[in-house]
Amino acid sequence: MTSTPLTVLKLDSSGRKSGSVSRQLSTRLVERFTRQGDVTVIERDVADGLPAVTEEWIGSNFTPSADRSEDQAALLVQSDTLVAELHAADVLVIGMPIYNFGVPASLKSWIDLICRAGETFQYGENGPEGLLSGKRAIVTVASGGVPVGSPMDHATTYLSQVLGFVGITDVTYVSATGLAMDPDAAIKSAETEIDALNITQAQAA
Ligand SMILES: Cc1cc2nc3c(=O)[nH]c(=O)nc-3n(C[C@H](O)[C@H](O)[C@H](O)COP(=O)(O)O)c2cc1C
């Protein structure tokens, strides 16, 4: 047990609420953290639906906050909440199925809402700089057949690119792949990996 307070953001994106392997694994991983001691868990289910960015939203986002109208500020409330959850988190646990070789559309919607100049990245002398450094992300991936890290996997490479862009470079993937062939073996292997993960290093981040 540890007394170091830790905030975990648990983000799930599978369209399935029951029978979802990525959710089963993200839940198992978060339980490991909560067993450690003083842990606050923020739950965010993006599969419940997030709005797509619109012309008005983009206009509001690109208007300096001091100059935004009330209507413009209201358009950003949901995004502000998602960004605040990220800033509050020490660790992100992301449950991600591979859908059509990439990330689920629900997760892409979340990404579009959290990548905001001045909030999660900024433009410095050398180009964009992420503002969310010092955090760790652990992603539980489920796929029917596409092996994580193979040329067909456009999900983890893309997610790493985005997380790195906002400053989260410590990213671990735990995958259950081949679920369409041998689900029991794939799940067992991922569970073993989760149980063996060194999660105390997240405390120091
Ligand atoms: C819309 C959709 C698209 C999918 N596309 C792929 C794919 O491109 N490659 C793959 O290996 N599996 C694919 N699958 C299978 C899922 O990755 C697999 O069922 C996984 O377990 C889903 O995650 P979940 O168990 O957390 O719901 C797809 C499933 C769905 C529902």
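**Helices, a loop and an aromatic cluster**

Tutor: Keep in mind that this is a predicted model. Start with the helices.

Student: Are helices α4 and α5 roughly parallel or roughly perpendicular to each other?

Tutor: Helix α4 covers residues 77-88 and helix α5 covers residues 105-114. Their axes come within 9 Å and cross at roughly 90°. Angles of 65 to 115 degrees count as roughly perpendicular. The two helices are therefore roughly perpendicular.

Student: Is E85 buried or exposed?

Tutor: E85 lies in helix α4. Its relative accessible area is 10%, and buried means under 20%. E85 is therefore buried.

Student: Which residue has a side chain joined to that of E85 by a polar contact?

Tutor: Leaving aside neighbours within four places in sequence, E85 is in contact with L9, I42 and R44. L9 is 76 residues from E85 along the chain, yet their C-alpha atoms are separated by 7.1 Å. The polar contact between side chains has a length of 2.7 Å, and the partner of E85 in it is R44.

Student: What is the phi of N100, and what is the phi of F101?

Tutor: Most residues other than glycine have a negative phi. N100 is in the loop between β3 and α5, and F101 is found in that loop too. N100 counts as exposed at 73% relative accessibility, whereas F101 counts as partly exposed at 44%. Both values of phi are positive: near 50° for N100 and near 70° for F101.

Student: How are the rings of F121 and Y123 arranged?

Tutor: The structure holds two aromatic pairs. In the pair of F121 and Y123, the ring centres are 5.5 Å apart and the planes are at 90°. Planes over 60 degrees apart count as edge-to-face, so this pair is edge-to-face.

Student: Which residue forms a tilted aromatic pair with F121?

Tutor: F121 is buried at 6% relative accessibility. In its tilted pair, the distance is 4.5 Å centre to centre, with 45° between the planes. The pair links strand β4 to helix α6, with its two residues 44 apart in the chain. The partner is F165.

Student: Which residues form the aromatic cluster?

Tutor: Y123 is exposed at 61%, while F165 is partly exposed at 27%. Together with F121 they form one cluster: F121, Y123 and F165.

Notes: Residues numbered from 1 in each chain as written. Predicted model: local features only at pLDDT ≥ 70, side-chain atom pairs only at ≥ 80, totals over all residues. Heavy atoms only, no water. Axes fitted to C-alpha atoms, helices over the stretch in contact; angles between N-to-C directions. Helix = DSSP H or I, 4+ residues; strand = E, 2+ residues; numbered from the N terminus. Parallel < 35°, antiparallel > 145°, perpendicular 65-115°, else oblique. Buried < 20%, exposed > 50% of the residue type's maximum accessible area, 1.4 Å probe, protein only. Contact = heavy atoms within 4.5 Å. Polar contact = N/O pair within 3.5 Å; in protein donor to acceptor, adjacent residues only side chain to side chain. Phe/Tyr/Trp six-rings, centres within 6.5 Å; stacked < 30°, edge-to-face > 60°.
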